[in-house]
Amino acid sequence: MIREPPSFFHRGPSPLARLTFFTIAAIVLMIADHRFRALETVRLSLSVLAHPIQELAVVPSNAVGRVTDYFSSQERLLRENQELKVRVLEQSAAAQEARLLRAEQQHLLAMSPGKSRYADGGTLAEVLYTARNPFTRKVVIDKGLQAGVASGMPVIDGEGVVGQVTNVGTFTSEVTLVTEKDQSVPVMLVRNGLRAIAVGSGKDGSIDVPFMPVSADIQNGDTFVTSGIDGTYPPGLLVAQVTSVEKNTAYVFAKIVAKPAAGVQNHRYVMILPIPQPGAAPPETRAQESRPGKARGGARGRRDATR
Amino acid sequence: MRPADLTPVARDVLKLPAGVGLIFFSLLGAFLLQVLPWSGTWLLARPDFVLVVLLFWTIHEPRSIGQGIAFALGLLVDVSDSMLLGQHALAYVIAVFGAQVIRVRIMSFHVPEQTLHVMGLTFAASLVMLSLNLLLGADFPGLAFLVSPVLTALCWGPVSWLLYSAPVRRRREGAS
C-alpha cells in the first residue's frame with residue numbers, strides 16, 4: 001500500500017495567523033448573533049445537521065424511562081388515577097364557570113370590534129431535555145416549525161406559565177423558562193389587580209418582582225397571574241406565588257420574591273399557546289441586555305390604544 | 001522485532017497516519033457523549049469530550065486536524081447546546097492553538113505529565129467561555145464549572161489509550 005511521504009515543510013498560514021483569523025471570525029459571529037440576531041438561518045441549518053445525532057443521544061435515557069414506565073407498579077398508577085379524578089372534579093366547576101364567562105365575553109366582543117384576548121387551542125409538546133447550557137435556563141421541546149410553532153409563543157403546563165418559545169428549529173424548539181435571568185412576564189395580583197412585571201432571577205425556583213414601591217399592597221402567599229397587556233401571554237394564566245416580601249424603607253422598592261407556579265424544571269408535557277394578537281412584539285431572546293419593561297412598554301401602549 | 005528506541009518526536013514523524021475514519025468516528029462519538037441529556041450539576045461538571053478528542057488529534061495528527069476543524073466543531077456544539085454562536089468556536093480555537101504551540105513538548109512526556117499539560121489548555125478554554133458569558137451579563141454558574149476542565153483533562157488518559165495505544169498495538173500484532 002502506497003502512502004504519501006510525510007510533508008516535512010509546513011505550508012499555509014502560520015498558526016498565529018490562523019488564530020487571529022478565527023478569533024476575529026468568532027467575535028464577528030458572536031456580535032452578529034447577540035446584537036443583531038442575524039444568524040437564525042445559520043443556526044437553523046446547523047441544527048438540522050446536528051439533529052440526528054441529538055436524537056441518537058436521547059435514545060438511551062428515553063428507553064430507560066419507557067422500561068421504568070412499563071414496570072411501574074399498578075398501585076402507583078391507581079393512586080395517580082385517583083388524584084387525577086379528584087382534580088378533574090375540582091376543575092370542572094371552574095371550567096363550566098369559565099365557559100359561561102367566555103360566552104358572555106364573546107357576546108360583548110361581538111358588539112365592539114377587536115380580537116379575543118384569550119388563546120384558542122394550543123399544541124401539546126413533550127419536553128425532550130434541558131438545554132445543555134449552564135448559563136441559561138431553557139428546555140428543548142419536540143415541536144418546531146413543522147408543527148407551526150413560532151418564536152414568542154407562551155408555554156404552559158397544568159399549573160401555570162412555564163416560559164416562552166425563544167428559538168425555533170425544524171423539529172424542535174427552545175423554551176426559555178420564566179426563571180431565566182431577565183425573562184420578564186407582565187403580571188397582575190389576583191387579590192387587588194395590582195400590575196407588575198415578574199422577572200426571572202436566574203436561580204431555580206424563584207422569580208423576582210422588582211420596581212414595586214414599599215407601600216404596595218403585596219403579602220406573602222399572594223398569587224400573580226398574567227395580565228395580558230403585553231399581547232403575548234393570554235391573561236389569567238397562573239405565574240407565581242409570593243414567598244417573601246421585604247419592605248425596607250431605606251430603599252425605594254420592596255424586595256419581592258415569588259415561586260413559579262408551574263413545575264418549571266420537572267414537567268414532561270407542556271402546551272404551546274398561540275399568540276393572541278397578531279403582530280405582538282417579539283420577545284427578547286437570550287436577552288441579557290434587555291431592561292424589563294422596556295419592550296413591553298411599547299406593547300402596552302399599543303394595547304391600550306386599541307382598547 | 002521491536003522497533004529501535006527512537007525519541008518520541010522522531011517516532012511521530014515515522015508513525016503511520018491515523019485513518020480518516022478513526023478521526024471522524026472518534027469526533028462523532030465525542031459529540032454524541034457531549035449531547036447526552038446532561039442537566040443540573042452534572043451539566044456544569046460535564047467533561048468537554050469534543051475538546052479532549054480535538055486536542056488529541058491536534059497533537060497526534062497535526063496535518064489533518066487544526067484550527068479550522070476546531071472552529072467548525074465549536075459552532076456545531078454552540079448550536080446543539082443553544083449557546084451564543086461562536087463562543088465554543090473561540091474557546092476551541094484558542095485551546096487548539098495552545099496545543100499546536102506546546103505539541104512537541106507534550107509528545108516527549110508520558111500520559112500523566114501530558115494530562116497536566118492538557119489541563120492547562122482545558123482551563124484556558126473554560127475561562128474563555130466563562131469570561132465571555134460573565135461579560136454578557138450571566139451569573140457565575142457555580143464552582144462545579146471549574147471541575148469540568150479537570151475532568152476533561154482526566155479524559156486524556158482513556159482517550160490516548162483508546163485512540164493511540166490500542167490501534168498501534170493492533171497494527172503491530174497484525175504486522176508480526
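User: How do you know that helix 6 of chain B has a span close to the one expected?

Analyst: First, a caution: this is a predicted model. Helix 6 covers residues 87-101 of chain B, 15 residues in total. The expected span is 1.5 Å times one less than the number of residues. That gives 21 Å for helix 6 of chain B, and its first and last C-alpha atoms are 21 Å apart.

User: What makes helix 6 of chain B "mostly covered"?

Analyst: A residue is buried if 20 or more other C-beta atoms lie within 10 Å of its own. In helix 6 of chain B, 13 of the 15 residues are buried.

User: Why is helix 2 of chain B called roughly antiparallel to helix 4 of chain B?

Analyst: Look at the angle. Helix 2 (residues 20-34) and helix 4 (residues 49-60) of chain B pack at about 160 degrees. Angles over 145 count as roughly antiparallel, so these two helices of chain B get that label. Their axes are 7 Å apart.

User: Which residues make that contact, and how do they divide by class?

Analyst: Helix 2 of chain B contributes B:Ile23, B:Ser26, B:Leu27, B:Ala30, B:Phe31, B:Leu33 and B:Gln34. From helix 4 of chain B come B:Phe49, B:Val50, B:Val53 and B:Trp57. By class, nine are nonpolar, two are polar and none is charged.

User: Now chain A. What is the strand order of the closed barrel?

Analyst: Six strands of chain A close the barrel in the order 1-2-5-4-3-13, with antiparallel pairing. From one strand to the next, the twist averages 45 degrees.

User: How do you know that strand 1 of chain A pairs with strands 2 and 13 of chain A?

Analyst: Count bridges. Pairing needs at least two. Strand 1 of chain A has three bridges to strand 2 and four to strand 13 (residues 269-272). Both pairings are antiparallel. A:Tyr129 has A:Val140 in strand 2 of chain A as its bridge partner, while A:Glu126 stands opposite A:Tyr269 in strand 13 of chain A.

User: What joins strand 2 of chain A to strand 5 of chain A?

Analyst: Four bridges, in the antiparallel sense, between residues 138-141 and residues 173-177 of chain A. Across from A:Ile141 stands A:Ser173 in strand 5 of chain A.

User: How many residues does each chain put into the contact between chains A and B?

Analyst: Chain A gives 38 and chain B gives 36. The largest share of the chain A side, 11 residues, comes from helix 1 of chain A. By class, that side has 19 nonpolar, 11 polar and eight charged residues.

Conventions:
Residues numbered from 1 in each chain as written. Chains lettered and ligands numbered in written order. Predicted model: local features only at pLDDT ≥ 70, side-chain atom pairs only at ≥ 80, totals over all residues. Contact = placed C-beta atoms within 7 Å. Nonpolar A, V, L, I, M, F, W, Y, C, P; charged D, E, K, R; others polar. Buried ≥ 20, exposed ≤ 12 C-beta atoms within 10 Å, placed from the backbone. Axes fitted to C-alpha atoms, helices over the stretch in contact; angles between N-to-C directions. Parallel < 35°, antiparallel > 145°, perpendicular 65-115°, else oblique.
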